[in-house]
Each structure stands twice: as C-alpha cells, then as structure tokens.
Amino acid sequence: MIRYICDLCRREIDPEEDKRFVVRIEVFEAVETVDMQDFNDAEDHLEELEEILEELNAAELKELGSDFYRKFHFDLCSECRKKFVRNPLGIEAVKLLDFSDN
C-alpha cells in the first residue's frame, strides 16, 4: 500500500479519512514571440549550436536547464489544501513578517 505524507504539515494522509490533493507547479522563463522575418533562412546554425553544447559538460547543462525550467509536485491534505488555495504564493505570510528599518 502506498503511503502519502502531506508536504506542508507532514502528517500521513489516510485515504479512508481524508482526501489527497496534488499541486503541480511549473516555473519557466516567459519568452516573447519571435518575428520570423528576423531569421535568415540561408544560415544554418546547427554547427554553431553543436559547438556550444560540446563546450558545456553535463553538470553545466543540468544547471543551465534548471535556470529556465523547474517542475514541482506536492501532496496536500484537505486542511493544507484550503490554506494553499487561499494564499498560493504565500504573500500574506510575508506581510506578517514586517521588519523595522533599523
């Protein structure tokens, strides 16, 4: 039997007593549309791209990828789901931590 733990409150989610909710978050760079007229169809950039990729090692490629795209998956119990839906970005919590200017 698969056991699920709420990623916020850390309590076990019993499927007979509580529902399990899944939160999926994707974070990626917003890319503006490209005007295709800016590209010269006669140029082949494949060799140039291949040279750049050869210079980067696997660790650098992985790090570079995480700068542009990240995917998260969380399991929540019904109580934590209510809290998350009310304030998904945690903005209210940040406002409560109002520090002085000194």
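**Exercise 1.** Find the ring that Arg-20 lies over, and give the distance from its centre.

*Solution.* Start with the rule: a charge sits over a ring if NZ of Lys or CZ of Arg is within 6 Å of the ring centre and within 35 degrees of the ring normal. Now try Arg-81: it lies over the face of Phe-21, and here the distance to the ring centre is 5.1 Å.

Before going on, a word on the numbers. This is a predicted model, where local features need pLDDT of at least 70 and side-chain atom pairs count only at pLDDT 80 or more, while totals for chains, interfaces and linings use all residues. Residues are numbered from 1 along each chain as its sequence is written, and side-chain values use heavy atoms, with hydrogens and water left out.

**Exercise 2.** Search the whole structure for aromatic pairs and work out how the rings are arranged.

*Solution.* First, the cut-offs: rings of Phe, Tyr and Trp (its six-membered ring) pair if their centres lie within 6.5 Å, and planes under 30 degrees apart count as stacked, over 60 as edge-to-face and the rest as tilted. The search turns up one pair. Its members are Phe-72 and Phe-74, with centres 6.2 Å apart and planes at 5°, so they are stacked.

Next, check the accessibility (buried means under 20% relative accessible area, exposed over 50%, partly exposed in between, with a 1.4 Å probe and protein chains only). Phe-72 comes out at 29%, so it is partly exposed. Phe-74 has 31%, so it too is partly exposed.

**Exercise 3.** Track down the salt-bridge partner of Asp-18, then see what else Asp-18 meets.

*Solution.* A salt bridge is a side-chain nitrogen of Lys or Arg within 4 Å of a carboxyl oxygen of Asp or Glu. By that rule there are five salt bridges. In one of them, Asp-18 meets Arg-11 at 2.9 Å, N to O. Asp-18 has 14% relative accessibility, so it is buried, whereas Arg-11, at 36%, is partly exposed.

Now look at Ser-78: its side chain joins that of Asp-18 in a polar contact of 2.7 Å. (That term means a pair of N or O atoms within 3.5 Å; within protein, one must be able to donate a hydrogen and the other to accept it, and residues adjacent in sequence count only if both atoms are side-chain atoms.)
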